[in-house]
Amino acid sequence: MELLKGKPVADKINEKTAAITEELLSKDIVPTLAILRVGSDPSDIAYEESAVKKAKSLGVHVEKYIMDAKSDESDVLDVLKVINDDENIHGILMFRPLPAGMDEEKVRNHLAAAKDVDGITDAALGGIFTGNVSGFPPCTAEAAMTILKYYGIELSGKKAVVIGRSLVVGKPVAMMLMAEHATVTICHSRTPEEDLKAACLDADIIICAAGRRSTLTEDCVNGKQVVIDVGINFDEEGKMCGDADFEAVKDKVKAITPVPGGVGGVTTALLMHHTAAAAAAYAAMHKA
Ligand code: NAD
């Protein structure tokens, strides 16, 4: 089994980001990411802390906009307008899901297209579906694809199974795999367990993005699969784990990403890279 570690992939992206950032700083442009968090979800806060640390090491400035979970939707839209209008902010990371009662579709579509560094607006997602990509793709879906590419995993003509159909990971990654000429099957919460198992046993590549422990079990693999485990879950002892039963499947797959140490670091690296690229695009437009 080959362990597909995220670190070398992230390091390569971070090098490029640091180079862009250095050039921008020499023109007095500080690439800046706004983080908008509504509420205090512990996993959001954990991700925010690691993103802030990573940003600092790459010369990306972060401005946090923290709002109470009881805020009105109109307050969130007002804050988004401030961020959209601020010329010194180049990218926006908005944590989702938003608190219950908010129209998430409406709110996420208020992000300025040029600042949508995590590909959450319909315009950015639409480009992935039509092949007419104009903005930034969702970082997590792109991270899964970047890992496959870095490790030279062939996709053309291969069978890929995506477990999960969210707009954050499942749907966009399925389209990205298809764009690389893979034959894609999407499984989700209503897929009967035996169908999911059969699809996985027949697959060359499996992307796990269900957000549920033990979704990929030993009896779903037979030695030929490359597994990208996007899931972030916690076991009874509070230890982070993915969607795959790592210990049980690791010797029955061709390759697998660890959790932690796989997709997560690459996702953050791409978020910073997108922010730096958005700042560079801003600089080019304003001839800085
Ligand atoms: P989500 O809850 O929005 O979607 C989960 C999807 O999984 C749904 O489409 C659902 O139909 C499917 N699903 C649920 N149970 C299933 C089952 N038993 N069998 C088959 N499909 C099932 O979650 P999301 O935002 O897409 O995130 C998925 C996972 O990825 C989560 O664990 C999340 O924490 C993680 N994540 C990781 C990163 C990273 O950088 N590593 C980034 C974003 C999300």
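This is a predicted model: local features need pLDDT of at least 70, side-chain atom pairs count only at pLDDT 80 or more; totals for chains, interfaces and linings use all residues.
View 1. Residues are numbered from 1 along each chain as its sequence is written, and side-chain values use heavy atoms, with hydrogens and water left out.

View 2. Ser-166 puts a polar side-chain atom 2.4 Å from a ligand oxygen. For Arg-165 it is a polar backbone atom, 2.8 Å from an oxygen atom of the ligand. Thr-267 has an N or O atom in its side chain 2.9 Å from a ligand oxygen.

View 3. Domain 1 covers 28-115 + 264-288 and domain 2 covers 139-257, with bounds from an automatic or database domain assignment. Their C-alpha centres lie 28 Å apart. Seven residues of domain 1 are in contact (heavy atoms within 4.5 Å) with eight residues of domain 2. About 640 Å² is buried between the two domains, and carbon and sulfur atoms give 73% of that; buried area is the accessible area (1.4 Å probe) lost when two parts are put together, summed over both. On the domain 1 side, Val-266, Thr-267 and Leu-270 lose the most area to domain 2, together 58% of what that side buries.

View 4. How many salt bridges (a Lys or Arg side-chain nitrogen within 4 Å of an Asp or Glu carboxyl oxygen) run between domain 1 and domain 2? The count is zero, and one residue pair is in polar contact, both at pLDDT 80 or more. Helix α10 (residues 263-285) gives the most to the side of domain 1 that touches domain 2, with five residues. Helices here are DSSP runs (H or I, at least four residues), as are strands (E, at least two), numbered from the N terminus.

View 5. Arg-96 and Pro-97 are joined by a cis peptide bond, omega about 0 degrees, and Pro-97 sits in the loop between β4 (91-94) and α4 (104-108). Another cis bond joins Val-259 and Pro-260, with Pro-260 in the loop between β11 (255-256) and α10. Asp-28, a residue other than glycine, has a positive phi near 65 degrees; its loop runs between α1 (7-26) and β2 (32-38).

Definitions and conventions. A polar contact is a pair of N or O atoms within 3.5 Å; within protein, one must be able to donate a hydrogen and the other to accept it, and residues adjacent in sequence count only if both atoms are side-chain atoms.
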